[in-house]
Amino acid sequence: MVDVGAKGETRRIAVASGRIEMRPATFRAVIEGSATKGDVLGVARVAAIQAAKRTAELVPLAHPIAITRVAADFRFDAERSAIALVATVECRGRTGVEMEALTAAAVGLLTIYDMVKAVDRGMRICDLQLEEKSGGRSGRYRRSPPARK
């Protein structure tokens, strides 16, 4: 584990995202709230928040962090039958919250998979990535938009 004791406390924010692709019927069931297991997006949001708070238990060398805010927001792509999860984590501390944001996005997406896998085992989780972070010595990072093909 890296020693962060000498670092100053700053406001730190990280945003991570990922996407889950599924069949159109599965997509409709999730966004309409008609999945057999219930409110898929509500449960996935809670799972993402819980995952951010427990990252240090899951990632062996991650520091326990006093998180001040976690948000899990969904974006829908009906054309591709895909749901993106965007996780934002914030704290005031000596180390960043990138791992917490990435863990929140991953676990939220895994929860969606778990709740509808009985009807669509072919779902695909993809594009888990850090979108941006701010705070600390290294300052701000923002992912560049993908190059157009």
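User: Leaving aside neighbours within four places in sequence, which residues is Ile 83 in contact with?

Analyst: Happy to start there, with the note that this is a predicted model. Ile 83 is in contact with Gly 18, Arg 19, Ile 20, Met 22, Phe 27, Val 30, Leu 41, Phe 74, Arg 75, Phe 76, Leu 109 and Ile 112. Contact here stands for heavy atoms within 4.5 Å. Ile 83 is also listed with Met 22 and Ile 112 as having the most contacts inside the largest nonpolar core, a set of 31 residues.

User: Which elements supply at least two residues each to this core?

Analyst: They are β1 (10-21), α1 (24-32), α2 (40-53), β2, β3 and α4 (98-116). Helix α4 gives the most, with eight residues.

User: What makes β2 and β3 a pair of strands?

Analyst: The cut-off is at least two bridges between two strands. Strand β2 (residues 67-77) and strand β3 (residues 82-93) have ten bridges, in the antiparallel sense, so they count as paired. You can find Phe 74 opposite Leu 85 of β3. In the hairpin, four residues lie between the strands, and Ser 81 takes a positive phi near 50°.

User: In what order do the five strands of the open sheet come?

Analyst: The order is β2-β3-β1-β4-β5, with antiparallel pairing. Strands β2 and β5 (141-142) are the edges, as each pairs on one side only. Further in, β1 and strand β4 (residues 124-134) run antiparallel and are joined by eight bridges. One place to look is Ile 20, whose bridge partner in β4 is Ile 125. Helix α4 packs on the sheet, where it touches β1, β2, β3 and β4, and its direction makes about 25° with that of β1.

User: Why is Thr 55 called buried?

Analyst: Buried means under 20% relative accessible area. Thr 55 has 1% relative accessibility, so it counts as buried. This residue is found in helix α3 (residues 55-58), and its side chain reaches the backbone oxygen of Ala 52 at 3.1 Å. Beyond its neighbours within four places in sequence, Thr 55 is in contact with Ala 62, Met 99, Glu 100 and Thr 103.

User: How do you know that Arg 19 and Asp 127 form a salt bridge?

Analyst: The test asks for a side-chain nitrogen of Lys or Arg within 4 Å of a carboxyl oxygen of Asp or Glu. The closest N and O atoms of Arg 19 and Asp 127 are 2.5 Å apart, so the pair qualifies as a salt bridge. Because Arg 19 lies in strand β1 and Asp 127 in strand β4, the pair ties together parts that are 108 residues apart in sequence. A search of the whole structure finds eleven salt bridges.

User: In the salt bridge of Arg 142 with Glu 132, is Arg 142 buried or exposed, and is Glu 132 buried or exposed?

Analyst: Arg 142 has a relative accessible area of 53%, so it is exposed. Glu 132 has 19% relative accessibility, so it counts as buried. The closest N and O atoms of the two are 3.1 Å apart. Arg 142 belongs to strand β5 and Glu 132 to strand β4, ten residues apart.

Key
Residues numbered from 1 in each chain as written. Predicted model: local features only at pLDDT ≥ 70, side-chain atom pairs only at ≥ 80, totals over all residues. Heavy atoms only, no water. Buried < 20%, exposed > 50% of the residue type's maximum accessible area, 1.4 Å probe, protein only. Polar contact = N/O pair within 3.5 Å; in protein donor to acceptor, adjacent residues only side chain to side chain. Core = buried A, V, L, I, M, F, W, Y, C linked by side-chain atoms within 4.5 Å. Axes fitted to C-alpha atoms, helices over the stretch in contact; angles between N-to-C directions.
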